[in-house]
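I opened this entry to look up a few local features in turn, beginning with the aromatic rings and ending with the strands.

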Amino acid sequence: MAKVAQVYCNRRYMPEDEARIGLFDRGFLFADAVYEVTAVMGGRLIDNDFHLNRLQRSLAEICIPMPVTLPEMEAIQLELISLNGLDEGTVYLQISRGEAKRNFLFPDDLEPTMVAFTSARKLVGTKAQAEGVAVDLAPDPRWARRDIKTVMLLGQVLAKHAASEKGFDDVWFVEGGQVTEGASATAFIVTHDGRVITRANSQAILPGCTRRAVARLCEDQGILFEERAFSPEEAFSAAEAFLTSASSLVTPVIRIAGHRIGNGQPGPLTRRLQEIYVQTAFAEMNGHAAGRAALA
């Protein structure tokens with residue numbers, strides 16, 4: 001008999017089939033909630049400081065108090081990894097404003113609802129990373145505050161479904177003639193003179209954590225990194241393209257809306273970033289492990 005996964009719900013750990021959220025939880029009624037997803041490799045959290053800080057910022061932007069401190073939140077993540085024996089995959093956190101009778105106006109004294117769970121999945125060496133993906137283009141259907149990582153994902157759900165129906169692996173959004181970002185990832189292009197281009201952070205896009213890590217790697221490696229908007233037409237003629245997220249890491253994009261990118265194969269700079277991202281993640285994991293052992 002398969003072991004039932006353990007989740008965190010209502011301030012305790014429990015089997016996933018016992019977890020319940022109330023009917024009047026505002027996350028369910030209004031999507032009045034935020035979330036984060038952190039990658040796990042070798043049983044260790046990747047870029048987690050970035051994710052927890054972004055979670056804290058998202059909560060503050062919509063006036064939901066932190067249910068626990070950041071160290072306590074990481075302790076919950078680590079306990080779930082341990083309880084579920086997770087080696088590679090993700091940890092999901094979601095915090096809603098809490099429970100109250102349905103009303104657009106919310107009481108100021110609600111206790112936030114926090115849930116967390118793990119998902120085992122292959123992150124390194126996936127088929128998409130090896131071969132690249134094709135992305136469609138679609139008008140950006142989302143609300144104005146995309147810098148807040150809310151659970152209001154219906155626009156993304158419908159756009160991804162429409163793209164999949166057309167034979168694409170994913171979709172990038174376009175607004176005002178410029179690419180904003182992917183439905184669940186940051187969009188990048190590489191110019192023919194070797195510059196990595198992605199849109200600057202603003203309320204128009206989510207400040208990606210893997211994006212931030214890639215920007216740091218580019219700086220460390222002397223790769224030119226430029227933050228600016230780019231049009232679909234510029235993307236079509238780019239030397240390379242790729243996307244990043246916690247669950248896809250660095251994934252080549254070889255086709256955009258029917259246009260082959262470069263020679264239709266993952267490009268050399270994308271391959272380099274894939275390699276150094278994983279190498280750096282494992283090096284940092286080993287460094288943290290050594291540091292903890294020295295303190296023990």
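I take buried to mean under 20% relative accessible area, exposed over 50%, and partly exposed in between, with a 1.4 Å probe and protein chains only. I note that this is a predicted model, in which local features need pLDDT of at least 70 and side-chain atom pairs count only at pLDDT 80 or more, while totals for chains, interfaces and linings use all residues. I number residues from 1 along each chain as its sequence is written, and side-chain values use heavy atoms, with hydrogens and water left out.

Aromatic rings. I count rings of Phe, Tyr and Trp (its six-membered ring) as a pair if their centres lie within 6.5 Å, with planes under 30 degrees apart called stacked, over 60 edge-to-face and the rest tilted. I found seven aromatic pairs in the structure. The centres of Tyr 92 and Phe 117 are 4.7 Å apart and their planes lie at 20°, so I record this pair as stacked. It links distant parts of the chain, since Tyr 92 is in strand β5 (residues 89–96) and Phe 117 in strand β6 (residues 113–120), 25 residues apart; helices (H or I, at least four residues) and strands (E, at least two) are DSSP runs, numbered from the N terminus. Phe 117 is partly exposed at a relative accessible area of 32%, whereas Tyr 92, at 17%, counts as buried. Together with Tyr 35, Tyr 92 and Phe 117 form one aromatic cluster.

Thr 180. I looked next at Thr 180, which lies in strand β9 (residues 178–182) and counts as buried at 3% relative accessibility. Its side chain is joined to that of Asp 140 by a polar contact of 2.7 Å, the term covering a pair of N or O atoms within 3.5 Å, where within protein one must be able to donate a hydrogen and the other to accept it, and residues adjacent in sequence count only if both atoms are side-chain atoms.

Strand β14. I see that seven of the eight residues of β14 (residues 249–256) are buried. Two strands pair if DSSP finds at least two bridges between them. Strand β7 (residues 133–139) runs parallel to β14, joined to it by three bridges, and Val 135 has Ile 256 as its bridge partner. Strand β13 (residues 240–245) pairs with β14 in the antiparallel sense over four bridges, with Leu 243 opposite Thr 251, and a hairpin joins β13 to β14 through three residues.
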